[in-house]
Amino acid sequence: TLAPLTLLEGVAWELQHPPSSATRCPIATPLGCSTHPMQGPGQPSDSELEPQLQLIEHEGGAAKPEQLLEEVVFRGPVLTLLLPRDELGILGHHSLQIHPPPSGLTAGALLSHIHQFYAADLQPSEQLWLMQQHPHIRRSLQVAFLSMVPISRLRLLGRTSNFEGLMRISSDQRVAVYTMELSEGVHTN
């Protein structure tokens, strides 16, 4: 099985929300998703986009979340995700291996794996290591640690919480190794 160059391109989702909140972008831009096209040099005018926008309105906008989540996006024995570093350089370069069922990996299952990783609380040993390695956040981690308040990985991501898709980084199309693209978004704890 050949691994596609991208997976879940054009999916709008914020990591702090459950995967059921993911939608397909009506219009994908180089900066992510948009419901209104931005016009600039070399970009189509509103009149050129009108048929596309009418189609989106006629079909009820973006794909319904349940349709998107049930879509099979990958078939193969294993998919490896290289998760990006956060903006502070605390988290990152973790890998996550996913073994899809024979019927294939759905968008919902793939987003759930990502969500579960980031929603998971840091282990006490990870918190201690972070306090030693990152003095600039030591105090806030120490207060949470001593108060026995769990800290999820998501809280350490900062503003980079908008999912932008997965890009294959392996040059061999038979090897499914992807990196996750994130951009700045609205972050709520």
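This is a predicted model: local features need pLDDT of at least 70, side-chain atom pairs count only at pLDDT 80 or more; totals for chains, interfaces and linings use all residues.
Me: Which residue in strand 11 is the bridge partner of Phe163?
Reply: Residues are numbered from 1 along each chain as its sequence is written, and side-chain values use heavy atoms, without hydrogens and water. Strand 10 (residues 160-168) pairs with strand 11 in the antiparallel sense over seven bridges, where pairing requires that DSSP find at least two bridges and strands are DSSP runs (E, at least two residues) numbered from the N terminus. The partner of Phe163 in strand 11 is Leu182.

Me: Which residue in strand 11 is the bridge partner of Thr80?
Reply: Strand 7 (residues 79-83) and strand 11 (residues 177-184) run parallel and are joined by three bridges. Within strand 11, Thr80 has as its bridge partner Val177.

Me: At what angle do helix 4 and helix 5 pack?
Reply: Helix 4 (residues 124-133) and helix 5 (residues 138-146) have axes 9 Å apart, the axes being lines fitted to C-alpha atoms over the stretch in contact, with angles from 0 to 180 degrees between N-to-C directions. The two helices are therefore roughly antiparallel, a class for angles over 145 degrees. Their packing angle is about 155°.

Me: Which element of the protein chain has the highest confidence?
Reply: The mean pLDDT of the protein chain is 79, and 75% of its residues reach 70 or more. Confidence is lowest in helix 1 (residues 46-58), at a mean of 37. At 96, the highest value belongs to strand 9.

Definitions and conventions
Helices (H or I, at least four residues) and strands (E, at least two) are DSSP runs, numbered from the N terminus. Angles under 35 degrees count as roughly parallel, over 145 as roughly antiparallel, 65 to 115 as roughly perpendicular and the rest as oblique. pLDDT is the predictor's confidence in each residue, from 0 to 100.
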